[in-house]
Amino acid sequence: MSDKFETKLASRVKVLLTLRGIWQKDAAKHLGITGASFSSKLNGDIRFSADEISRLADLLGVSTDVLLGREPLEVA
């Protein structure tokens, strides 16, 4: 995966966390990782796994295609 892809994924996750009122520490707990690991993933230091992307999509109420940038991120 390219850095551009990781940046787009991370920015979409950040936006959706804010819109849904979900703290990063709670998202990390949902994924079964530490808050520090989640932060590193959002900063692009560590990549999200396919399973983590799927679980994040469920948590955030969007499809994986939205997180991956294959469908538009619609914010109302």
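Tutor: Helices here are DSSP runs of H or I, at least four residues long, numbered from the N terminus. The model is a predicted one.

Student: OK. Which helix does Asp 51 lie in?

Tutor: Asp 51 belongs to helix H4, which covers residues 50-60.

Student: Is Asp 51 buried, exposed or partly exposed?

Tutor: Partly exposed, because its relative accessibility is 48% and the exposed class starts only over 50%.

Student: Leu 31 is in H2, then. At what angle do H2 and H4 pack?

Tutor: H2, residues 24-31, packs on H4 at about 125°, and the axes are 10 Å apart. That angle is why H2 counts as oblique to H4.

Student: What hand does the crossing of H2 and H4 have?

Tutor: The crossing is right-handed.

Student: Which residues meet there?

Tutor: From H2, Ala 27, His 30 and Leu 31; from H4, Glu 52, Arg 55, Leu 56 and Leu 59. By class, this contact of H2 with H4 has 4 nonpolar residues, 1 polar and 2 charged.

Student: Switching to H3. How do the axes of H2 and H3 cross?

Tutor: H3 spans residues 35-42, and its axis comes within 8 Å of that of H2, crossing at roughly 105°. H2 is therefore roughly perpendicular to H3.

Student: Which residues make that contact?

Tutor: H2 contributes Gln 24, Ala 27, Ala 28 and Leu 31, while H3 contributes Gly 35, Phe 38, Ser 39 and Leu 42.

Student: How many charged residues are in the contact of H2 with H3?

Tutor: None are charged; 5 are nonpolar and 3 are polar.

Student: Now the core. Which residues touch the most other members of the largest nonpolar core?

Tutor: That core has 20 residues, and the ones touching the most other members are Val 13, Leu 17, Phe 38, Phe 48, Leu 56, Leu 60 and Leu 67.

Student: Which helices supply at least two residues of this core?

Tutor: H1 (3-20), H2, H3, H4 and H5 (64-68) each do. H1 gives the most, with 5 residues.

Student: Last one. What does Val 13 touch?

Tutor: Leaving out residues up to four places away in sequence, Val 13 touches Phe 38, Leu 42, Leu 56, Leu 60 and Leu 67.

Key: Residues are numbered from 1 along each chain as its sequence is written. This is a predicted model: local features need pLDDT of at least 70, side-chain atom pairs count only at pLDDT 80 or more; totals for chains, interfaces and linings use all residues. Side-chain values use heavy atoms; hydrogens and water are left out. Buried means under 20% relative accessible area, exposed over 50%, partly exposed in between (1.4 Å probe, protein chains only). Axes are lines fitted to C-alpha atoms, for helices over the stretch in contact, and angles run from 0 to 180 degrees between N-to-C directions. Angles under 35 degrees count as roughly parallel, over 145 as roughly antiparallel, 65 to 115 as roughly perpendicular and the rest as oblique. A crossing is left-handed if the near helix is turned anticlockwise from the far one by less than a right angle, and right-handed if clockwise. Contact means heavy atoms within 4.5 Å. Ala, Val, Leu, Ile, Met, Phe, Trp, Tyr, Cys and Pro count as nonpolar, Asp, Glu, Lys and Arg as charged, and the others, Gly among them, as polar. A nonpolar core is a set of buried Ala, Val, Leu, Ile, Met, Phe, Trp, Tyr and Cys residues joined through side-chain atoms within 4.5 Å.
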